[in-house]
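This report looks at pairs of charged side chains. Please keep the sequence and the 3D view at hand while reading.

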Amino acid sequence: MCMEAILIPFLTAAALAASSAAVIAQDQAAYIDDRSDGPALIRSLYNAINRHEYARAYSYFAEGKTFGDYRSFVQGYAETVNVQLMTGTVTPEGAAGSIYSPVPVAIKSTEKGGKERVFAGCYITRIVNAAIQEPPFAPLHIESAELEEVSRPFEKALPKVCYPPS
């Protein structure tokens, strides 16, 4: 058998593998890790969930302020295939060296089997004034979340306003 007869099938297989890898890469959401403001942080949270990067998603919550332990957090998304997010108007408010940003959200979750669920509510993000922090630096994080399943369509589920903690 000549070298050309061996080389052509090998090169064809390599080209097919490369093109299918490009399709897989295009199908997956681009990596977003942005803590510049409350809505960007919440978009990063759901980007991590859509990419099944649950450790990253979990890390956006303030220490000790998540929805349970890490294993429970991951199990909560076991049936989730995709999440869509809308955020509303945010009005940051300062209090005692911190800036709180209440972020209104509407979320459409698609589960395995195609079932869709809509949730609405508020995330509260917080950052301690960066100029007064000492190491280790504590970046913007999710301080709390109050979401509930709603019967309204996703496009009409966004709360008009959320309030900072009092």
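Is Glu53 buried, partly exposed or exposed? With a relative accessibility of 22%, Glu53 counts as partly exposed, because the buried class ends under 20%. The model shown here is predicted.

## Salt bridges in the model

Side chains of opposite charge can pair when their charged atoms come close. In this structure there are five salt bridges.

## Arg51, Glu53 and Arg56

Arg51 has a relative accessible area of 16% and is buried. A network of salt bridges links Arg51 and Glu53 with Arg56.

## Pairs between strands β4 and β5

Glu149 and Arg117 meet through their side chains in a salt bridge of 2.9 Å, N to O. Glu149 belongs to strand β5, residues 141-150, and Arg117 to strand β4, residues 116-128, so this pair ties together parts that are 32 residues apart in sequence. Both side chains belong to partly exposed residues: Glu149 has a relative accessibility of 43%, and Arg117 one of 25%.

Another salt bridge joins the side chains of Arg126 and Glu143, with 3.9 Å from N to O. Arg126 is in strand β4 and Glu143 in strand β5, so the two tie together parts that are 17 residues apart in sequence. Glu143 counts as buried, at 14% relative accessibility.

Definitions and conventions:
Residues numbered from 1 in each chain as written. Predicted model: local features only at pLDDT ≥ 70, side-chain atom pairs only at ≥ 80, totals over all residues. Heavy atoms only, no water. Salt bridge = Lys/Arg side-chain N within 4 Å of Asp/Glu carboxyl O. Buried < 20%, exposed > 50% of the residue type's maximum accessible area, 1.4 Å probe, protein only. Helix = DSSP H or I, 4+ residues; strand = E, 2+ residues; numbered from the N terminus.
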